[in-house]
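Please look through the sequence and the structure shown below before reading on. The report takes up a few selected features in turn.

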Amino acid sequence: MTPAAPGQPEQTGQPGLASPGGVPETAAPTGGQDSAREPRSGGQDLVRDLRPGGQNSAREPRPGGQDLATTSVSPTAGSLWRGGRGVLLVALLVVAVAVTGVLLGGSGGPGRTLDPADTSLSGGKGLARLLQARGVRVERVTSVAEAAALVGRAGPAGSTVLVSPTVPLDEDEAERLADLPADLLVAGVRARLDVLAPGVAPVREARARSREPRCGLPAAERAGSAYTGGVVLTAPPPSIGCYPADGAPTLVSHSGAGRTVTVVGDGQFMTNLRLAEDGNAALATNLAGGRPTLVWLTPPENGAQAGGGKAGLYGLVPAGVKWAVAQLIVAVLLLALWRGRRLGPVVAERLPVVVRAAETVEGRARLYRARRSRDRAAAALRAGFTDRVTPRLGLPAGTGPDALVNAIAERTGQAASHVGAALYGPPPVDEAGLVALAGYLDIVERQVGKS
């Protein structure tokens with residue numbers, strides 16, 4: 001008895017007879033059809049046990065001698081990957097573009113102009129980091145009283161007060177800032193400028209662009225060209241005017257009484273947007289980092305900003321990210337509708353080559369013989385025998401070896417020792433033993449079926 005190939009029907013000769021090569025004799029096919037032998041009284045074929053599942057894969061012959069083969073068109077993992085990798089690539093590109101746009105575009109909000117804690121394009125977080133890297137202590141305050149207190153604690157080394165252009169000042173606050181024993185840097189023309197910097201006044205507007213310093217101010221000379229303009233200023237003597245527009249300065253610096261007052265017509269060169277251009281970073285750090293401490297005066301936070309610390313995680317997500325996620329969801333849905341395919345009914349297709357059952361059985365038998373896989377063949381024979389005989393004996397699945405052996409011996413009259421050795425003994429040592437095992441199991445199964 002020779003084990004059959006998986007998924008192929010058995011073709012065997014008489015039980016217990018083998019060809020000199022160890023392969024069972026098979027009837028030659030006639031009439032273009034696979035040969036079939038008479039079923040035994042038990043109606044079982046032990047050789048088919050050598051195929052996974054013990055099922056007979058013979059197909060019903062079609063009229064005309066052709067077999068009907070069916071091929072499943074269900075999608076496999078490989079086909080799904082090949083069909084969906086284009087969609088996945090497009091989705092990844094959309095995500096990359098959305099994330100890049102959000103990162104380059106900041107939070108999408110207006111931000112707080114020249115605020116050292118603001119990371120938007122108009123904020124001053126970048127300048128604050130540069131100054132801290134140079135050893136300057138940056139203190140953010142929202143009132144003139146806080147600025148005066150920090151200036152008083154700065155000590156003899158002194159400090160610099162930077163006034164953001166959006167800070168609201170009344171007359172008393174402007175006079176208090178003007179009287180502080182600290183350098184004063186006014187970013188942008190604003191109200192009360194005549195109090196903060198006497199003699200400096202706006203003349204006319206000038207387009208902001210990159211300009212050369214063209215002055216003797218050390219901070220400007222070391223920085224070189226910078227993005228200045230906005231407003232042209234008057235420069236009363238002995239002040240120094242730099243970065244001229246049509247002959248009039250857009251930056252004015254005046255030193256006297258142990259302090260320096262500097263006014264710039266436009267503070268955009270200090271923002272995160274312009275800091276990396278030309279010599280903007282150098283000019284901003286030279287003007288704001290001349291003292292060990294920088295007191296950065298910003299507008300007071302409104303109610304919404306003051307309560308921002310209690311906002312949830314969703315409220316901290318920038319608006320640009322939310323729009324990017326919404327656009328990504330729409331894009332993925334459109335791609336799914338475009339690339340989606342509906343599976344139709346299963347299509348019966350004819351195999352390109354019909355392999356005779358006898359050829360596959362003989363080929364599998366040669367492989368078993370070449371590899372001396374008698375243990376696997378015997379295990380398949382025993383497992384198939386057990387699966388078929390157990391329900392005939394009225395035993396449940398998973399019955400133990402002793403109960404099964406006793407039931408078979410009682411039903412067939414065979415010695416229990418012989419049945420136990422056939423089912424649970426060691427594998428055959430040679431091909432003759434394997435053939436003998438198959439024959440014995442065949443006899444026992446027929447006896448169980450007749451009883």
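## The disulfide

In this predicted model, C215 and C242 form a disulfide in which the sulfur atoms are 1.9 Å apart, and the structure holds 1 disulfide in total. Because the torsion about the S-S bond of C215 and C242 is about 95 degrees, the disulfide is right-handed.

C215 lies in the loop between β4 (202-211) and α6 (218-223), while C242 belongs to strand β6 (residues 240-245), so the pair ties together parts that are 27 residues apart in sequence. C215 is buried, with a relative accessible area of 15%, and C242 is likewise buried, with a value of 0%.

Strand β9, which spans residues 293-297, is mostly covered, since 5 of its 5 residues are buried. From this strand, T293, V295 and L297 point one way, whereas L294 and W296 point the other way, and all of them are buried.

Strand β1 (residues 137-141) runs parallel to β9 and is joined to it by 5 bridges; within this pairing, V138 has L294 of β9 as its bridge partner. Strand β2 (residues 159-163) also runs parallel to β9, again with 5 bridges between them, and here S159 stands opposite T293.

## A buried aspartate in a loop

D115 is placed in the loop between α1 (77-105) and α2 (125-133), and the residue is buried, with a relative accessible area of 1%. Leaving aside residues up to four places away in sequence, D115 touches G123, G124, K125, R140 and T298.

Definitions and conventions
Residues are numbered from 1 along each chain as its sequence is written. This is a predicted model: local features need pLDDT of at least 70, side-chain atom pairs count only at pLDDT 80 or more; totals for chains, interfaces and linings use all residues. Side-chain values use heavy atoms; hydrogens and water are left out. Buried means under 20% relative accessible area, exposed over 50%, partly exposed in between (1.4 Å probe, protein chains only). Helices (H or I, at least four residues) and strands (E, at least two) are DSSP runs, numbered from the N terminus. Two strands pair if DSSP finds at least two bridges between them. Contact means heavy atoms within 4.5 Å. A disulfide is a pair of cysteine sulfur atoms within 2.5 Å.
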